[in-house]
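Q: Could you take me through this structure feature by feature, giving the general idea each time and then the case at hand?

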Amino acid sequence: MADTEIGTRIGALPDGVSRTSIQEDFYRQLKDLKLEKYRDLTAQDLALDLRENRNVKTEKAAFLDLSRSFFLHRLRVLGISFATAQAVSQDNATWAERWVARWTPEAEIELVEAALKGDTVAQAASFAMKERVESAPSMGEIARVIEDAFTCGMGEAVRYATAALQAMAVDAAAMDELAATAHRLSMVIQYGSIRRLDSSPLVPILTQIFYRACLLLPQSCVCDDNGSKVMTAAMESLNAAALAHDFLDGEAWLKALTEVSERDDLNTKLSGFAAAILLERGSMDSERLKLEVGRRLSRGVPAELGAGWFEGLAMKNRYGLIARLSLWENLGDYLDALDDEEFKRALVFLRRAFADFSAAEKDAIAENLGEIWGLNGQQVSEAVNAAVGAEEKKLLDSLDDFDFDI
């Protein structure tokens with residue numbers, strides 16, 4: 001009934017009728033960028049290929065999709081809800097974008113309100129990003145502005161935000177903030193060339209931030225279990241940046257990871273995670289892993305600490321760990337040495353460590369254990385899965401009469 005009685009057609013004012021300057025610029029760009037058909041109440045998909053189109057004659061046509069991307073990102077920065085960016089697959093994330101465009105009366109109102117920031121869409125977006133930089137409470141927020149400026153194709157805004165970031169980088173910052181900033185700068189440097197902008201001014205800032213993160217990493221790993229979740233994400237981001245850029249000090253990063261993996265006074269989960277990164281990068285050999293496993297999973301180490309270390313180790317490169325039979329032998333010996341009370345404490349951490357393992361990975365571990373115990377691997381896997389299922393059912397049944405104070 002709504003389609004019949006109301007429809008989806010949108011009216012338009014004739015040329016010459018009074019509009020704000022930013023509205024005039026918006027409609028002119030819609031026409032230049034061939035986006036007029038998307039000014040409709042019905043949502044439509046818009047796929048963009050940011051690479052140069054070599055099958056056309058003019059430069060404007062060759063980079064039409066890139067210009068469209070700049071325009072849509074500027075609208076996004078201004079909060080104008082004409083188009084919404086969608087996630088794309090990782091395979092073509094560097095050059096492809098996908099948007100859903102839909103025109104609404106609210107978008108027109110947002111466009112008029114943006115006139116307070118500039119006469120054109122580009123000017124208004126630049127002013128909005130400058131405001132964000134001036135009020136930014138942290139390096140991470142400025143790095144987010146730099147990322148937005150790159151996606152908007154606004155070199156002047158990039159330079160302004162970069163100068164502000166450089167000024168803030170001399171002050172102390174938390175490890176998670178350094179890692180988040182390094183991650184954003186790394187992404188801009190890796191993929192900035194597709195937007196035809198010079199990202200070289202960001203290189204010295206990323207180098208400075210990364211080196212500081214290397215120096216702060218060991219002391220930042222003195223934290224509780226909640227803090228370890230933040231730190232594992234930070235270590236993952238920094239490691240990705242180190243792998244992506246040759247100009248970063250890889251030796252300093254590996255040295256920091258080695259210190260974290262070997263020290264006993266840090267969060268053991270983070271020590272295990274550092275060892276996992278070193279293993280993945282080929283910087284820890286089998287002999288050294290065996291010594292570390294023997295030290296961490298020994299009779300004198302409290303159960304929660306040993307199991308916590310193994311949880312961190314199991315967070316990366318799982319198939320590589322599964323293939324190391326000596327690791328499971330050491331884990332089996334460690335569990336055999338625990339008394340009932342210690343085993344119960346260790347079980348909490350070990351169950352959490354294996355919670356994210358797939359069924360295939362658990363089967364492979366069961367086969368390893370079967371080989372160690374001299375049993376059939378398939379039978380061990382079936383017995384383990386049956387025991388886990390029975391235990392979970394028992395736990396659920398015990399909750400039937402539990403008073404949840406509702």
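Q: In this predicted model, are Glu59 and Arg196 buried or exposed, and how should I read a pair of that kind?

A: The label follows from relative accessible area, where exposed means over 50%, and in this predicted model both Glu59 and Arg196 are exposed. The two residues form a salt bridge, with the closest N and O atoms 3.5 Å apart. This pair links distant parts of the chain, since Glu59 belongs to helix H3 (residues 59-62) while Arg196 sits in the loop between helix H9 (175-191) and H10, 137 residues apart.

Q: Which other salt bridges could I set beside that one, and how accessible are their partners?

A: The structure holds 23 salt bridges, among them the one between Arg51 and Asp49, whose closest N and O atoms are 2.8 Å apart. Arg51 counts as partly exposed because its relative accessibility is 41%, and Asp49, with a relative accessible area of 27%, is partly exposed as well. Another salt bridge is formed by the side chains of Arg132 and Asp148, at 2.9 Å from N to O. Arg132 lies in helix H6 (residues 121-134) and Asp148 in helix H7, so this pair ties together parts that are 16 residues apart in sequence. Arg132 is partly exposed at 23% relative accessibility, whereas Asp148 is buried at 10%. Through shared partners, salt bridges join Arg76, Arg132, Glu141, Arg144 and Asp148 into one network.

Q: What does the side chain of Thr151 reach, and which residues does Thr151 touch?

A: Thr151 lies in helix H7 (residues 139-151) and counts as buried because its relative accessibility is 15%. Its side chain reaches the backbone oxygen of Asp148 at 2.7 Å, and Asp148 is also the salt-bridge partner of Arg132. Not counting residues up to four places away in sequence, Thr151 touches Ser69, Phe70, His73, Arg76 and Arg195. The C-alpha atoms of Thr151 and Leu66 are separated by 9.6 Å, although the two residues are 85 residues apart along the chain.

Q: How does Ser69 look when I read it from its own side?

A: Ser69 has its place in helix H4 (residues 64-78), and at 0% relative accessibility it counts as buried. Its side chain is joined to that of Glu97 by a polar contact of 2.8 Å. Beyond neighbours within four places in sequence, Ser69 is in contact with Leu48, Leu50, Glu97, Thr151 and Arg195.

Q: How many residues of H13 are buried, and what covers them?

A: H13 is mostly covered, with 12 of its 13 residues buried, and its cover includes H11, H12, H14, helix H15 (303-313) and helix H16 (318-322). Asn267 caps the N-terminal end of H13 through a side-chain oxygen 3.0 Å from the backbone nitrogen of Lys269. After H13 comes Gly282, whose phi is positive, near 75°. On the H11 side, Thr232 touches Leu270, Phe273 and Met315, leaving out residues up to four places away in sequence.

Q: Which residues have the most contacts inside the largest nonpolar core?

A: That core has 114 residues, and those with the most contacts inside it are Phe26, Phe82, Leu217, Phe310 and Leu313. Its largest share, 9 residues, comes from H10. Leu313, leaving aside neighbours within four places in sequence, is in contact with residues including Gly272, Phe273, Leu289 and Leu327.

Technical notes
Residues are numbered from 1 along each chain as its sequence is written. This is a predicted model: local features need pLDDT of at least 70, side-chain atom pairs count only at pLDDT 80 or more; totals for chains, interfaces and linings use all residues. Side-chain values use heavy atoms; hydrogens and water are left out. A nonpolar core is a set of buried Ala, Val, Leu, Ile, Met, Phe, Trp, Tyr and Cys residues joined through side-chain atoms within 4.5 Å. Buried means under 20% relative accessible area, exposed over 50%, partly exposed in between (1.4 Å probe, protein chains only). Helices (H or I, at least four residues) and strands (E, at least two) are DSSP runs, numbered from the N terminus. Contact means heavy atoms within 4.5 Å. A polar contact is a pair of N or O atoms within 3.5 Å; within protein, one must be able to donate a hydrogen and the other to accept it, and residues adjacent in sequence count only if both atoms are side-chain atoms. A salt bridge is a side-chain nitrogen of Lys or Arg within 4 Å of a carboxyl oxygen of Asp or Glu.
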